[in-house]
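Student: Please take one part of this structure, a strand pairing and the sheet around it, and look at it closely. Then connect it to the rest of the model.

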Amino acid sequence: MNPQAIIDGLISGSTIGLGAIGLTLTYSILRFANFTHGDFLAWGAYLTLTVAGVLGGLAAGLGAPVYPFSFGWGLPLAVLGGVALTVALALGLDRILFGRLRARGADTIIIVMASFGASMALRSLLEFIFTAKPAYFTKALQIANPLGLGMRATPDQLLVIGLTLLLVLVLHLVVTRSATGRAMRAVSENPALAGVYGIDVGKVVRVTWIIGAGMACIAGVMAGLLVQIRPYMGFDLLLPLFAAAILGGIGSIPGAMLGGLIIGLAEAFAVQIVGAEWRAAVSFVILVLVLMLRPQGIFGQRGA
Amino acid sequence: MTALALTGLHAGYDRDLPIVKGVSFTVQRGEAVCILGPNGAGKSTMIKAIAGLVPCFGGEVRLDGTDITGLASHVLVGKGMGFVPQMENIFTRLTILENLQIAAQLLPKQDRAGRIDAMFDMFPDLGSRPRELAGALSGGQRQMLAAARALLTEPRVLMLDEPSAGLSPKLVGQVFDTLRRISETGVTLVLVEQNVRAALGLTERALVLVDGQLAHDGPADALHDGRLLGELFLGHRTAEAGS
């Protein structure tokens, strides 16, 4: 077996894990499976591409690649704008759709169906605005450097893995050590009691959208940087995202990351063992096995 | 001075089927009042409506003269209202310290650590293991933590919904001893309770709620022999509010 599968798995697992963090937070705090989360990844990538285009138009030098990466300073700056716009999209969607349904006391299944409909609308809107033709952050070619043991990776790929680990560490510290994190965990356990404790649940909900949409945007940019940007890129990642969130345990940030890495590695090894056509089935098989054998996931608590 | 005043409060989960039907009473500052009544009388619904957890359809609730009708529960905490729900009144997946830290967020930063230490002094069982998960506490200790959390922000009115529910007689004694100490500090106590004997032993005044309406409002002593209470619970006597 080619050990390159390990690096391939870690790279795709990083994107899946980062995307799954937002999904798991939304699931645990707002208590519904948010199908629009995949589209936040795609919208994040397209919005960042748009901001990068605007910045490139303002200062051509920002697009020149910075060694050893394939992109220039324009992309990190554009990510800041992309994150802000994706967060605005998520908060706007909550205000006009999910928040209204919550206020009416709608059943979870109604909110899930609403998210499914909104997901289709967001995807179609992306295709309408940007067309289905793939887009790229950069067309510069990169040489994969040897890492030892027969594995190779490009600087962009190593950056994606490193940045993911850094973001997960920071988010984990925020959730476990800060007042905001304590409030999020409290709302996740019992929203009504959180109000009695003096927590503004609405504020916690907004923070959850901000973190979730921000991470989705960065995951989308990573996927777009390493492969390509397509309107369906988020939808295609939805099953791995759900599998990673459930495998790691709903509400657990390290769990979502670990789940993402396991899904990514399983997909990469499946490609080598049974063929690339079975790649998409891996997430589904893992999801079914976890739900049957350990529904609370790796870090989740039974009954949570 | 009046700490809490209800005027014609209507509340419940469905506007067409209110559970609390036009209840009026006042509680003076520093007073301890228990609310009794048969199952389904609307005691918990009323106290939750005051605490901002159940919709109010009519009437008015005032805290120290300020209209607080229908305000969200987190807003009421900041206005000096403490509430301890009957069940699930602590965060079991957070540590004891984290439970208190959340409540302490409402205080000025320089006061937080001092107030948490004060609660640990008041409840030594909690202070001896602050980093233990609250889910590992016994039923009585959970009620202590719930009370400590509510007291931490120094509420002017503390409302408790059946603090003895599900506890052994020994633990009920401990919980009521704690409530007595709290009452002695001058905090206004409003207590919904099924354990009539324990509640009447703690409070000076008792209200009896029957079918969502106030059936009795008078000194706790008047209900000690049980005959009047039995008649009220069975509906043989009504409309004695204010007697």
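Tutor: B:His10 stands opposite B:Gly58 in β4(B), where strands and helices are DSSP runs numbered from the N terminus (strands, E, at least two residues; helices, H or I, at least four). The model is predicted, so local features need pLDDT of at least 70 and side-chain atom pairs count only at pLDDT 80 or more, while totals for chains, interfaces and linings use all residues. Residues are numbered from 1 along each chain as its sequence is written, and chains are lettered from A and ligands numbered from 1 in the order in which they are written.

Strand β1 (residues 2–11) of chain B pairs with strand β4 (residues 56–63) of chain B in the antiparallel sense, over six bridges; pairing requires that DSSP find at least two bridges between two strands. Both strands belong to an open sheet of four in chain B, with the order β2-β1-β4-β5 and antiparallel pairing. Because β2 (20–28) and β5 (66–67) of chain B each have a single partner strand, they stand at the edges, and one side of each is left without a neighbour in the sheet.

The loop between β4 and β5 of chain B holds B:Asp64. B:Asp64 has a positive phi of about 50° although it is not a glycine. It counts as partly exposed because it has 17 C-beta neighbours inside 10 Å; on this scale, with C-beta atoms placed from the backbone, 20 or more other C-beta atoms within 10 Å make a residue buried, 12 or fewer make it exposed, and values in between make it partly exposed. B:Glu162, in the loop between β7 (157–161) and α7 (169–184) of chain B, is also a residue other than glycine with a positive phi, near 45°. B:Glu162 is buried, because 20 other C-beta atoms lie within 10 Å.

Another loop of chain B, between β6 (81–84) and α3 (96–104), contains B:Thr92. Its C-alpha atom and that of B:Ala134, 42 residues apart along the chain, are separated by 4.7 Å. Leaving aside residues up to four places away in sequence, B:Thr92 touches B:Leu133, B:Ala134 and B:Gly135; contact means that C-beta atoms, placed from the backbone, lie within 7 Å.

Helices of chain B also pack on one another. Helix α4 (residues 109–122) and helix α6 (residues 139–152) of chain B pack at an angle of about 145°, with axes 10 Å apart; axes are lines fitted to C-alpha atoms over the stretch in contact, and angles run from 0 to 180 degrees between N-to-C directions. In this packing, B:Arg115, B:Ile116, B:Met119 and B:Met122 of α4(B) meet B:Ala148, B:Leu151 and B:Leu152 of α6(B). By class, this contact has six nonpolar, no polar and one charged residues, with Ala, Val, Leu, Ile, Met, Phe, Trp, Tyr, Cys and Pro counted as nonpolar, Asp, Glu, Lys and Arg as charged, and the others, Gly among them, as polar.

Definitions and conventions: Two residues are in contact if their C-beta atoms, placed from the backbone, lie within 7 Å.
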